[in-house]
Amino acid sequence: MGAFLKILILSISVAYIAVKWTGPSFDPASLKGAKVLVTGASSGIGEQMAYHYARFGAQIVITARREKVLQQVTEKCLSLGAQKALFIPADMSSESEPDKVIDFAVKKLGGLDYLVLNHIGVTRFAMWNGDVDHVRWLMKPNFFSYIQMAWRALPTLEQSKGSLVIVSSIAGKMSNPFAAPYTATKAALNGFFGSLTHELAMKKSNVSVSLCTLGFIDTESALNAVKGIITAPAYPASEASLNIIITGATRQPELFYPWFTYFMNLIKDWSPSLTNHLIRNSVNYNP
Ligand SMILES: NC(=O)c1ccc[n+]([C@@H]2O[C@H](COP(=O)([O-])OP(=O)(O)OC[C@H]3O[C@@H](n4cnc5c(N)ncnc54)[C@H](OP(=O)(O)O)[C@@H]3O)[C@@H](O)[C@H]2O)c1
């Protein structure tokens, strides 16, 4: 590695650490009694977020499609210390159910402090096969339901000086093979909520928007999806979830987890050919 590159990486690292150090500090007590809605909370990162919010003593509504699993998660939330834990089964590919979920949470909790949008529709980790209908469908749970729920919740979030937390992916910032439909939906989220963040700030809204960029996380669905194709280490869902919650609670506009996704995002524009080489060599593919 050349001296210039070493100095550049060192300078960026120092700047990153300085920014992290001087950022707002997290007060766990701020989440006691907080009114929270978490989507996609029957498994993976959403389930872990529900447990963290429960330990902080929040009042939680969770949603996903599988009613029995949601019931088990809410029972565990109550045993962990949640002030309230309720669930509502819903399919986010439906046009009407996203609104119903917001209305249910606002009614049952008497308002909302945090709307955490995290669910994703099922998609294959494979080369695109030309199935446009699948991309059109995936946009419904992964994108349209997010913007619909955010808009529906904005008035109540305004009342509580609340926060909108969007769980996105490094795939939405730098494209990866085998995930074209998923990548498209995450890029759409980044673009849309980036614009909305500007508009809310310009309108002097008191609602914060946090866009969370995650790398590879060790949820069962992600590990199964990439089995045999990606061998890179996955990072713990529990830690990823806690970082998302802290980002929302401290009203920070962005999270990059694990930390190096921040550098991956920076380097992709400075050195696209190196980035493309690394991406293509990180997957096992023998045509
Ligand atoms: N794991 C990773 O490596 C990784 C990396 C980057 C970003 N992320 C992001 O992190 C978030 C969570 O990922 P994860 O790995 O935790 O996923 P996961 O374990 O597969 O969980 C997905 C959740 O969405 C729900 N869901 C699926 N289809 C739905 C539908 N049509 N309507 C409503 N809910 C539905 C699932 O529950 P039901 O089946 O009960 O509906 C489940 O609760 C996603 O936004 C993902 O893009 C994950």
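In which sense do S4 and S5 pair, and over how many bridges?

Reply: Happy to! This is a predicted model, in which local features need a pLDDT of at least 70 and side-chain atom pairs count only at pLDDT 80 or more, while totals for chains, interfaces and linings use all residues. Residues are numbered from 1 along each chain as its sequence is written.

S4 and S5 pair in the parallel sense, over four bridges. Strands (E, at least two residues) and helices (H or I, at least four) are DSSP runs numbered from the N terminus, and two strands pair if DSSP finds at least two bridges between them. In this pair, Leu117 stands opposite Ile166 in S5.

Now step back to the whole sheet. Seven strands form an open sheet with parallel pairing, in the order S3-S2-S1-S4-S5-S6-S7. Its edges are S3 (84-89) and S7, each pairing on one side only. From one strand to the next, the twist averages 15°; angles run from 0 to 180 degrees between N-to-C directions, with axes being lines fitted to C-alpha atoms, for helices over the stretch in contact.

Helices pack here too. H3 (residues 67-80) touches S2 (59-64) and S3, and its direction makes about 170° with that of S3; contact requires C-beta atoms, placed from the backbone, within 7 Å. H5 lies across S4 and S5, at about 175° to S4.

Let's move on to S6. On one side, S5 (residues 163-169) runs parallel to S6 and is joined to it by seven bridges, with Ser169 opposite Leu214. S6 also pairs with S7 (residues 254-257) in the parallel sense, over four bridges, and there Leu211 stands opposite Glu254. Together with H6 (residues 180-202), S5 and S6 make a right-handed β-α-β unit: with the strands pointing away from the viewer, the path from the first strand over the helix to the second runs clockwise.

How enclosed is S6? Seven of the seven residues of S6 (residues 208-214) are buried, so this strand is largely enclosed by the rest of the structure. A residue is buried with 20 or more other C-beta atoms within 10 Å of its own, exposed with 12 or fewer, and partly exposed in between. In a regular strand, side chains alternate between the two faces of the sheet. Both faces of S6 are covered: Ser208, Ser210, Cys212 and Leu214 are buried on one side, and Val209, Leu211 and Thr213 on the other.

Technical notes. Two residues are in contact if their C-beta atoms, placed from the backbone, lie within 7 Å.
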